[in-house]
Structures are given as C-alpha cells and as structure tokens.
Amino acid sequence: MTHDGTGLLTIGALARATGLSVRTIRYWSDEGALPPVARSAGGYRLYDAGSVARLELVRTLRELGLGLDDVRRVLTGETTVAQVAAAHVAALDARIRSLKVTRAVLSTVARRGSTAEETTLMNRLARLSAAERARILDDFMAEIFRGLDTADPDIRQRLRFAAADLPDDPTPEQVDAWVELVELIQDPEFRTVMRRMIEFNAADRGPDVPGGSSLWFMSRLIRSAGEALRDGVEPGTPRAAAVLRDLIGDADPAAVLKRLAAVADPRLNRYRELSAVVNGWDRPSAHTERFGWVVAALEARAAG
C-alpha cells in the first residue's frame, strides 16, 4: 500500500511486499541498514522501490550470517559483498574447526566417563595453539636428547615427526590419542625410558657411523627373528646362536639385553601407537613375538 499517492511505501506496505515483519524492518532501519527515503507528515517512515531491493539484499546477507555492521559496510560501499563473503568464510572455517574440536572432546569425555577435572584438562590440551603444542613437543625432545650429540640423528627426526600435531579438524579418536600422548611425554618415568634408550644409542656410535644405522639394525633384528620363528628355530639351540652371532657379533648378550629392554618397553610401543592415530597412519606392529624370541635367545646365550 502506498502513502497518499506519493508512490512511496509505508513500513507496513514494505513488510507485505517482502514477507518480512514490520518489527524486523523497523529494527534494521533503526540500525542504519535500511534508512527511510522520506517521512510522512505524521512522521512515519517511507520507502521507495530501491528500498525493496536493498531490503532483499539485507535479508540475504543476514541469512548468510553476516552481522549488521558488515551489512552496513556493504550497503555504503565501504567494502564489497565478495570481500565480506571471503572474510566470513574464514571466520566460519575457524568456527567449524572449533566445533569439531568441541564435538571430539565431548565424544571422548562420554567414552571415557571423564571427571570434571579430566574434562577441563582434555579441553585445554585439545585447544592449545599450534605454538603451544610445538613447545610441549620441543621440551620433550630437548630433555631426552640433552647432551647426547652422538645419538643417531635419524632417531631424533623420527621421534619428532612421529609426535606430530593435532589436526585442525580432529576425530574423537585423534583427540583422545593426542591427550594421552601429551600425558605420556610429560610423564617423568616415560622420559627416563626414552632417555635411557637414546643413551644406549649414543654410547654405541662413533663419529664415522652413518645416520640411520640404528634403525637399520632394529629392522634387521626384527626380520631375522621373524625368519627364525617361521623356520621353527628354538631359542637356546645352535641355530639360534648362529642367528645371534650374525646380529650382534661378539657383543656381550647381557649388555644387549639391557638395551633391547629399553627399546621394547611397552610405553614406547604405546607412544608409536598414539602417534599413528594422531597422524592418521596405520597402527604399527609391536613385534612382540619377535622381540620375545630375541630376548629368549640372548638369555640362553648369556646363561651358557
């Protein structure tokens, strides 16, 4: 309905033309997003055909989640719809990531039956910034490698890479694994186990030993033990002794046992498992049966 034949629309007519409520239009008008083009003799707001188009744009932008400040900036030409949309996409992405973390934490809390204190800790760990997460990992690496400059550099690289970081859009399983991983690497006893393993490695290496030798030896040990198990070689037999000689030469079996115990510690395997979950890798094998065969063979040789 027009006002007194002027061709201008009252707020009621504008509401009927657009399907919006008078209350909404009045609010947007009061906020400066839809100023009236004139006032009637009685002081009522009047709008023209351009106001209808402007109102449709305001409605569209509001439905897309833009605040009235951004809407006003678009309407006054301070920015473009494309620029505001790009900024809004970035904000939505951040919000989506936050919601995914929230969902993951709540799923983990429900699955674990966590207490209020555990929930608070879990949420804090999950929401640490990338820099804060990196500091936790850097502190762990610094402590276990401090002063051990002769340790195999490939081990340092492998451990740091395995620890990784929580993804921006983690699954509940990744949040659960990340929280446990942080708890593990901050555990003094676990750090002692890791430090002992690296001390053994550093003591074995001379200046000319190439990087990666330690990892190569462990791969060879696992492969040889697997072949012995496959062929039915019993620990303590001459065939087992031959396998050990090929692996460790004349090294003291008791000393090798100590070093192998450090490498085979269950907490180290748990570290590898958690790292795999956080990284989205396949769960690694613990090679429990193969390590068990080597330990039994070494014990038999040490006793003999």
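This passage describes the fold of one protein chain, from its overall dimensions to single residues.

The structure is a predicted model, in which local features need pLDDT of at least 70, side-chain atom pairs count only at pLDDT 80 or more, and totals for chains, interfaces and linings use all residues. Residues are numbered from 1 along each chain as its sequence is written, and side-chain values use heavy atoms, with hydrogens and water left out.

The protein chain holds 15 helices and 3 strands. Helices (H or I, at least four residues) and strands (E, at least two) are DSSP runs, numbered from the N terminus. The C-alpha atoms fill a box of roughly 115 × 40 × 35 Å along the principal axes. The radius of gyration of the protein chain is 34 Å, whereas a compact globule of 304 residues would have a value near 19 Å. That radius is taken over C-alpha atoms, and the globule rule is 2.2 Å times the number of residues to the power 0.38.

Of the 304 residues, 38% count as buried. Buried means under 20% relative accessible area, exposed over 50%, and partly exposed in between (1.4 Å probe, protein chains only). The protein chain exposes about 16,800 Å², and carbon and sulfur atoms supply 53% of this area. Accessible areas come from the Shrake-Rupley method with a 1.4 Å probe; for residues, only the protein chains shown count as cover. Among contacts between residues at least 6 apart in sequence, 67% join residues at least 24 apart. A contact means heavy atoms within 4.5 Å.

The UniProt record, an unreviewed entry, lists residues 8-77 as "domain: HTH merR-type". UniProt positions are given in the numbering used here, feature names are shortened, and annotations may be inferred rather than shown by experiment. Over residues 8-77 the chain is 57% helix and 10% strand. The end C-alpha atoms of this stretch lie 24 Å apart.

The 3 strands form an open sheet in the order β1-β3-β2, with antiparallel pairing. β1 (9-10) and β2 (38-39) stand at the edges with a single partner strand each, so one side of each has no neighbour in the sheet. Two strands pair if DSSP finds at least two bridges between them. β1 and β3 (residues 45-47) are joined in the antiparallel sense over 2 bridges. T10 has L46 of β3 as its bridge partner.

Helix α5 (residues 81-112) has 32 residues, which at 1.5 Å a residue should span 46 Å; its end C-alpha atoms are 46 Å apart, in agreement. The expected span is 1.5 Å times one less than the number of residues. Buried residues in α5 are V84, H88, V101, A104, V105, T108 and V109. Their cover includes α4 (68-75), α6 (116-126) and α9 (172-185). G113 follows α5 and has a positive phi, near 65 degrees.

Helix α9 contains D176. D176 is buried, with a relative accessible area of 15%. Leaving aside neighbours within four places in sequence, D176 is in contact with T108, R111 and R112.

R124 lies in helix α6. At 48% relative accessibility, R124 is partly exposed. R124 and L9 are 115 residues apart in sequence and 54 Å apart in space, C-alpha to C-alpha.

E273 belongs to helix α14 (residues 266-279). E273 counts as buried, at 16% relative accessibility. Not counting residues up to four places away in sequence, E273 touches R283 and P284.
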